[in-house]
Amino acid sequence: MSKILVIGSTSGIANEAIKIWLEQGNHIHLYARNHDKLKMQVADLEIRFPGHKIDAFTFEANNLSKTLDQISLDNFDIALITVGELKYSDELVGQIQVSEKLINSNIQIPLAFAQTILEKYKTQGYGKLGIIGSVAGDRGRGKNYLYGASKAFWETYLEGARQEIWKNKNISLSLIKPGPTNTAMVQGRELGNLRLAKPEAVAKVIVNGMERGKSVIYAPKIFQLIMFIFKIMPIKIFNRLSF
Ligand SMILES: NC(=O)c1ccc[n+]([C@@H]2O[C@H](COP(=O)([O-])OP(=O)(O)OC[C@H]3O[C@@H](n4cnc5c(N)ncnc54)[C@H](OP(=O)(O)O)[C@@H]3O)[C@@H](O)[C@H]2O)c1
């Protein structure tokens, strides 16, 4: 039985990963900002998985110190950080506070958790950490480049952290890059012909990839090929694409 920590547990993707981990018989610690949502999530999980170990806590996003202290006292085998929000470029025009909030949700808050978990893993000598970035971090697009840039942050952060701990083979740091997925994040958005992945399928790829300690996990896996093509695409062609 592994002890698993999920930060931002009310996320649609996280909720499906949690179900897989509970099915496997693991002990789950959930953290989320919204008390009522978390309560509903736990009630649902307790019906689906009676008798399983679920601990749940709310955190205050602008006052994390108590939560971080609490987390650093425990020894987790696996931690997944899913906190994040999406804004398109046109929603940010003249809205500096909205841009700042996006950076807060996609970098500052997850970073506070990531640093705490990483330090803990270095002390305890083992652990698997997964942070959800996005395929949007692979190449800047006009439609969502602040969101993409905030997700690209994790590429360099985790690359450096992996180099720092490279001698310790019992710690793995996974950057998870979902493609467009059918969760609350994309609901009500104009998506054109975009096909959305099911969060259950994305979660399965994440759980398997983290189990294997993969450094980068594209979910669905086909996005590894899709993003490879976009990444090598000459800028003159890329700039003409209207997606
Ligand atoms: N869905 C996609 O198409 C897609 C694609 C690529 C990457 N991702 C990434 O996948 C991760 C999970 O997203 P999802 O698709 O599962 O969407 P979601 O259901 O909307 O989940 C987002 C999670 O982040 C939490 N959150 C957002 N801002 C926060 C803040 N400032 N402080 C604390 N918690 C905050 C939300 O809490 P509440 O429940 O309280 O709102 C929720 O738990 C995100 O990092 C997202 O960027 C999603």
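Q: Which residue in strand 4 stands opposite isoleucine 7?
A: Isoleucine 81 stands opposite isoleucine 7. Strands here are DSSP E runs of at least two residues and helices are H or I runs of at least four, numbered from the N terminus.

Q: Before we go on, what kind of model is it, and how is it numbered?
A: It is a predicted model, where local features need pLDDT of at least 70, side-chain atom pairs count only at pLDDT 80 or more, and totals for chains, interfaces and linings use all residues. Residues are numbered from 1 along each chain as its sequence is written.

Q: How many bridges join strand 1 to strand 4?
A: 4 bridges join strand 1 (residues 3-7) to strand 4 (residues 78-81), and the two run parallel. Two strands count as paired if DSSP finds at least two bridges between them.

Q: And strand 1 to strand 2, how many bridges there?
A: 5 bridges, again with the strands parallel. In that pairing lysine 3 has histidine 27 of strand 2 as its bridge partner.

Q: Is strand 2 mostly covered or uncovered?
A: Strand 2 (residues 27-32) is mostly covered, with 5 of its 6 residues buried. Buried means 20 or more other C-beta atoms within 10 Å of the residue's own, exposed means 12 or fewer, and partly exposed is in between, with C-beta atoms placed from the backbone.

Q: What's the strand order in the whole sheet?
A: The 7 strands form an open sheet in the order 3-2-1-4-5-6-7, with parallel pairing. Strand 3 (54-58) and strand 7 (216-219) are at the edges with a single partner strand each, so one side of each has no neighbour in the sheet.

Q: Switching to the ligand. How many residues surround it?
A: 27 residues surround the ligand, and the closest are Thr10, Ser11, Gly84, Thr183 and Met185. The cut-off is a C-beta atom, placed from the backbone, within 6 Å of the molecule.

Q: Which elements give two or more residues to that shell?
A: Helix 1 (12-23) and helix 4 (96-124) do. Helix 4 gives the largest share, 3 residues.

Q: Last topic: how many helices and strands in the protein?
A: The protein has 8 helices and 7 strands. Its radius of gyration, taken over C-alpha atoms, is 18 Å, close to the 18 Å from the globule rule (2.2 Å times the number of residues to the power 0.38) for 243 residues, so the protein is as compact as a globular protein of that length.
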